[in-house]
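Welcome to a short tour of this model. Take a moment to turn it around on your screen, and then let us walk through its sheet, its helices and its core together.

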Amino acid sequence: MGWNFSPQGLNYLYIMRLIVLCLLVFVSGGMWSQGSMQCEFSAKGCCPMCADRIVEALDVPGVRAVEWDQFKEKATVVYKPKKISEERIQQLVADSGHDTEMFTASDEVYNGLAACCLYRSGCQGCSDREKHEHPEEDDDRY
Ligand SMILES: [Cu+2]
């Protein structure tokens, strides 16, 4: 028999390899997105600084994306359930000082928050909560 090095033969091999490659990318991409889940839970807080703190607390393996809405006081987290559980995620948020549905922050951590982040007393430090932003010079407070 021998090898067929005619242009048609090479094209056929080339196209087959492309198809196999595309299938591999497609299948692995599908598995990747199936491996992620999204959860939403209440997480108390006041201001953009709280948002930064919560996002930072969830900068851990297994967490793909974090959003925290300061007006709804809700966190939305995309995570990989094989690597981290929703329970652990809420624990990390509580550990950073923010009460969640499942966990309450320790008084010690809570009292260490910046004054305007003390949500248990009604976010009093945030005089105009809607427009509240921290000036540059306050950045070293946390
Ligand atoms: Cu805050």
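This is a predicted model: local features need pLDDT of at least 70, side-chain atom pairs count only at pLDDT 80 or more; totals for chains, interfaces and linings use all residues.

How many bridges join β1 and β3? Their antiparallel pairing runs over six bridges, and within it glutamine 38 has valine 78 of β3 as its bridge partner. The pairing of β2 with β3 is likewise antiparallel and also has six bridges. There, glutamate 67 stands opposite threonine 76 in β3. The hairpin of β2 and β3 has four residues between the strands, and glutamate 73 in that hairpin takes a positive phi near 50°.

Stepping back to the whole chain, the protein has four helices and three strands. Along the sequence they follow the pattern α-β-α-β-β-α-α. Of the 142 residues, 21% count as buried. If you look at contacts with a separation of 6 or more, 56% of them come from residues 24 or more positions apart.

Now for the helices around the sheet. In α3, the buried residues are Ile89, Gln90, Leu92, Val93 and Ala94. What do the buried residues of α3 pack against? They pack against β1, α2, β2 and β3. Just after α3, glycine 97 takes a positive phi of about 115°.

The core comes next. The largest nonpolar core has 22 residues, and Cys46, Ile54, Leu58, Val93 and Cys117 touch the most other members. Two or more residues of this core come from each of α2 (48-57), β3 (74-79) and α3 (86-95). Cysteine 117, leaving aside neighbours within four places in sequence, is in contact with Gly45, Cys46, Cys47, Met49 and Cys50.

Lysine 44 sits in the loop between β1 and α2, while glutamine 91 sits in helix α3. Is lysine 44 buried or exposed? Lysine 44 has 21 other C-beta atoms within 10 Å, so it is buried. Glutamine 91 has 15 C-beta neighbours inside 10 Å and so counts as partly exposed. Not counting residues up to four places away in sequence, lysine 44 touches Glu73, His98, Asp99 and Tyr119. One of these, Glu73, is the hairpin residue with the positive phi near 50°.

Here are two C-alpha distances that you can check on screen.

| Residue pair | Separation in sequence | C-alpha distance |
|---|---|---|
| Lysine 44 and aspartate 69 | 25 residues | 9.8 Å |
| Glutamine 91 and threonine 104 | 13 residues | 8.5 Å |

Notes. Residues are numbered from 1 along each chain as its sequence is written. A nonpolar core is a set of buried Ala, Val, Leu, Ile, Met, Phe, Trp, Tyr and Cys residues joined through C-beta atoms within 7 Å. A residue is buried if 20 or more other C-beta atoms lie within 10 Å of its own, exposed if 12 or fewer, and partly exposed in between; C-beta atoms are placed from the backbone. Two residues are in contact if their C-beta atoms, placed from the backbone, lie within 7 Å. Two strands pair if DSSP finds at least two bridges between them.
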